[in-house]
Amino acid sequence: MKNVIVGQSGGPTAVINSSLLGVFKTAKDRGADTVYGMVHGIKGLLDRNIVDLSSQIKNDLDMDLLKRTPSSFLGSCRYKLPEIEGNEKTYKEIFKILDELEIFAFFYIGGNDSMDTIKKLADYGAKINSPIRFMGVPKTIDNDLAITDHTPGYGSAAKYIASTTKEIIRDGLVYDYPVVSIIEVMGRNAGWLTAAAALAKGEDCEGVDLIYLPERVFDLDKFLAKVGELCKDKRSVVIAVSEGVKIADGRYVCELADHVDYVDAFGHKQLAGTARFLAAKVAEKYGVKTRAIELSSLQRCASHITSRIDVTEAFNAGGAAVKAAFEGMSGQVITLKRVSEDPYMCITEPADVHFIANVEKKVPDEWINKDGTYVNEALVHYIRPLIQAEIAPLWVDGLPRHLILKK
Ligand code: F6P
């Protein structure tokens, strides 16, 4: 019996379901009997909330729809497994469920927090000599996973951010009086996504004026002075700022405005309100019209403008995880390795989950300008191939059609 199980965890991306399809299709092609899906990740598994994916993905059309469906098809969770030491009860329960389902390989599609789940399960499995194989499939719009060149999900979010930024720049020029637009981009403590705003610049677009990443300390006075200078000569000023920028004392800028109450199981505060706070400060100081544009979930669910490269790599990462598990590997995460720049090409390679779980990869210092207000060409060069080509939605009645989980 060769049953496998797959789950999705953490924040979604526009291509996370391509990885799900990669796992499902490859497992089936390699002779898996049943491919189970955990509904809401490991939390769903513990609640025995499980589906047989063959009852959901029945034909080629379903597969085409799945890879064009945003958010996590199976639902997600932000659930931190307890440390093994002292909490064996939870692990015994998980392995009992996996044994009942006759699971031979377990796949988890997620970011650095979710890889903590794979690490703990693989460690516990090794401890009890379980034959079950545990594999991580990388995903996060934040692009902050260690070892891998980049993460599936990042390219599509970057494409959306760069495209939307171009459109916002055009819109900002419409009036004959000044407008300061501040675009808030996700990414928590890493600036990869915010940096993608730099791609807006080209022969038909002057680009954004300032880019602030969380890798550098944010100075409110210096920021206001820069904006004041720009407003002297420009009608439209457009600024990209990460949701995760912090001031010198370590507080997030968004915390200066709102009291942030929500903290998830991994201890992450919900970050929102940075652009709103900064736009209010600019309006107060200079009396200009401002716009605070929070890209929020739009940047991670825009499946109508995904990068074909990203969709393909997400599928391949899922497939490579299955191949590795069927060949005997466990406790590994699939990474992408850039083997050629021109033409761009990445291959997949497994890496030990212990080097990836809970580690955040930041934008290297040499890719950020001296005063921390822009990124350089090397970073643009790194991102550019990841946003290439498109995959058209399947339009029905004027709207993109998605595949929905049937209960
Ligand atoms: O982890 C990916 C991410 O999209 C971050 O960029 C963002 O800070 C966070 O998720 C938002 O998560 P949630 O959906 O839990 O608010």
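**Ligand site, nonpolar cores and selected residues**

An oxygen atom of the ligand lies 2.8 Å from an N or O atom in the side chain of R300, a polar contact being a pair of N or O atoms within 3.5 Å, where pairs within protein also need one atom able to donate a hydrogen and the other to accept it, and residues adjacent in sequence count only if both atoms are side-chain atoms. The protein covers 79% of the 400 Å² of accessible area that the ligand has on its own, with areas from the Shrake-Rupley method and a 1.4 Å probe, and with only the protein chains shown counting as cover for residues. The model is predicted, and local features need pLDDT of at least 70, side-chain atom pairs count only at pLDDT 80 or more, and totals for chains, interfaces and linings use all residues. Residues are numbered from 1 along each chain as its sequence is written, and side-chain values use heavy atoms, with hydrogens and water left out.

Around the ligand are R78, I141, D142, M186, G187, R188, E243 and R300 (a heavy atom within 4 Å of the molecule). A ligand oxygen atom is 2.9 Å from an N or O atom in the side chain of R78, and a ligand oxygen atom is 3.1 Å from a polar backbone atom of G187.

The largest nonpolar core has 43 residues, of which Y154, I161, W192, L193, I211, L379 and I383 touch the most other members. Such a core is a set of buried Ala, Val, Leu, Ile, Met, Phe, Trp, Tyr and Cys residues joined through side-chain atoms within 4.5 Å; buried denotes under 20% relative accessible area, exposed over 50%, and partly exposed in between (1.4 Å probe, protein chains only). Helix 6 (154-172) gives the largest share of this core, eight residues; helices (H or I, at least four residues) and strands (E, at least two) are DSSP runs numbered from the N terminus. Because domain 1 (3-140 + 303-351 + 393-400) and domain 2 (154-301) both give residues to this core, it lies between them, the bounds coming from an automatic or database domain assignment.

Y154 touches residues including T140, W192, D310 and I383, contact meaning heavy atoms within 4.5 Å. N143, in the loop between strand 5 (133-138) and helix 6, is buried at 0% relative accessibility. Among the residues that N143 touches are Y154, K361 and Y382, and a polar atom of its side chain lies 2.9 Å from the backbone nitrogen of T151.

K285, by contrast, is exposed, with a relative accessible area of 52%, and belongs to helix 10 (residues 274-286).

Note on methods:
Lists of a residue's contacts leave out its neighbours within four places in sequence.
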